[in-house]
Amino acid sequence: MVEQLKRGDESAFKIIVTTWQDMVYNTAMGILQSAEDAEDVAQEVFVQVYESIHTFKGESKLSTWLYRITTSKALDHIRRKKRKKRFAFVQNLFGENNEVIIQPPDFHHPGVVLDNKEKAAALFKAIEKLPDNQKIAFVLNKVEGLNYQEISEVMKTTVSSVESLLHRAKNNLRKWLQELYRNPYD
Amino acid sequence: MEQKDSAHILDSLEGLQKASPGPFFYTRVLARLQKEESGIWGRLVAYITRPSIALATLALIFLLNAAAFFYEREVSSMAADQNEQTINEDYNTTLAANSYYDENNDAR
């Protein structure tokens, strides 16, 4: 399939998109916590796949390569959004922009079991605060169901590093969730 | 909140179903691809206006200006030295000519 796409076969591209679109979209959704942003990033990922397929040497699995592109694009998207937010905040300070900055509502992943809806929303709120590496490892593990070995291949690190990242991520989440329930209106 | 509850929350993503994009996702990807390919100038502008590129360009312009300023200053001070030297040389020649003239006049 990859070789066909390298030769410019558009039907190969269609097969790649339809095969991996859920995986890419779901990963982006876990990191970005917004359907709109996840759609945007998923499109960007496949545009990059089309444009840079010739750089894919086949040393890793195609899915691993796609996960790498998705996670890096999603993190870039978050940085861009933060920059825009900061800019809007500064504009507000100088009275140039009277737009009210609205805090987004709680994120509800469409695939969460109904009974866990509220708990999962609280968990996603805490995931948002994790450092980038811990966030990626946690989302790949819990949202995409990858094992430690697969995560280490995506993140180009060792299995023990992934174990350590996930251990720290869980500790942080536990701490923040306890704080959240102690002071729910903070 | 007890630790047991936080453990429950951490497990709340168990059995999570994968989210899927809306229908006709491939068509939207193709449209995006065509838009990106036609918008080469837009991509160029986006690249140039990236903070890292913009700051690097400003730093380069500043460095070139500073280099030009110091170079100009050195050249003008060298020119001033040279000018002074020429004036001195001219003055010495005039003095020498005058004294030669005076000597000749005295001799007559």
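## Basis of the model

Residues are numbered from 1 along each chain as its sequence is written, and chains are lettered from A, with ligands numbered from 1, in the order in which they are written. Because the model is predicted, local features need pLDDT of at least 70 and side-chain atom pairs count only at pLDDT 80 or more, while totals for chains, interfaces and linings use all residues.

The predictor gives the complex an ipTM of 0.84 and a pTM of 0.72. Within chain B, confidence is highest in helix α2(B), at 91, and lowest in helix α3 (residues 40–48), at a mean of 71.

## Chain A: overall form

Chain A has eight helices and zero strands. Here helices (H or I, at least four residues) and strands (E, at least two) are DSSP runs, numbered from the N terminus. The C-alpha atoms of chain A fill a box of roughly 55 × 45 × 30 Å, taken along the principal axes. Of its 186 residues, 31% count as buried. A residue is buried if 20 or more other C-beta atoms lie within 10 Å of its own, exposed if 12 or fewer, and partly exposed in between, with C-beta atoms placed from the backbone.

Contacts can also be sorted by separation along the chain. Two residues are in contact if their C-beta atoms, placed from the backbone, lie within 7 Å. Among the contacts in chain A with a separation of 6 or more, 57% join residues 24 or more positions apart.

## Chain A: two domains

Chain A is assigned domain 1 (1–104) and domain 2 (107–186); such bounds come from an automatic or database domain assignment. The centres of the two domains, taken over C-alpha atoms, are separated by 20 Å. Each domain gives 13 residues to the contact between them. On the side of domain 1 that touches domain 2, the elements giving two or more residues are α2 and α4 (62–93) of chain A. That side divides into four nonpolar, eight polar and one charged residue. In this classification, Ala, Val, Leu, Ile, Met, Phe, Trp, Tyr, Cys and Pro count as nonpolar, Asp, Glu, Lys and Arg as charged, and the others, Gly among them, as polar.

## Chain A: selected helices and residues

Helix α6 of chain A (residues 132–142) is largely enclosed by the rest of the structure, because nine of its eleven residues are buried. Among these buried residues are Ile136(A), Phe138(A) and Leu140(A), together with Lys135(A) and Lys142(A). Arg168(A), by contrast, lies in helix α8 (residues 159–182) and is partly exposed, since it has 16 C-beta neighbours inside 10 Å.

Most residues other than glycine have a negative phi. Gln33(A) has a positive phi near 55°; this residue is in the loop between α2 (10–32) and α3 of chain A, and is buried because 21 other C-beta atoms lie within 10 Å. Lys156(A) also has a positive phi, of about 50°. Its place is in the loop between α7 (148–154) and α8 of chain A, and Lys156(A) counts as exposed because it has 10 C-beta neighbours inside 10 Å.

Chain B has four helices and zero strands. Buried residues make up 7% of its 108 residues.

The contact between the chains takes 33 residues from chain A and 21 residues from chain B. On the side of chain B, α1 (3–10) and α2 (25–38) each supply at least two residues, and the largest share, seven residues, comes from α2(B). By class, this side has eleven nonpolar, six polar and four charged residues.

## A helix pair across the contact

Two packed helices are described by the angle between their axes and the distance between the axes. The axes of α3(A) (residues 35–52) and α2(B) come within 9 Å and cross at roughly 60°. Axes are lines fitted to C-alpha atoms, for helices over the stretch in contact, and angles run from 0 to 180 degrees between N-to-C directions.

In this pair, Gln43(A), Phe46(A), Val47(A) and Tyr50(A) meet Arg28(B), Val29(B), Arg32(B), Leu33(B) and Glu36(B).

Terms used: pLDDT is the predictor's confidence in each residue, from 0 to 100.
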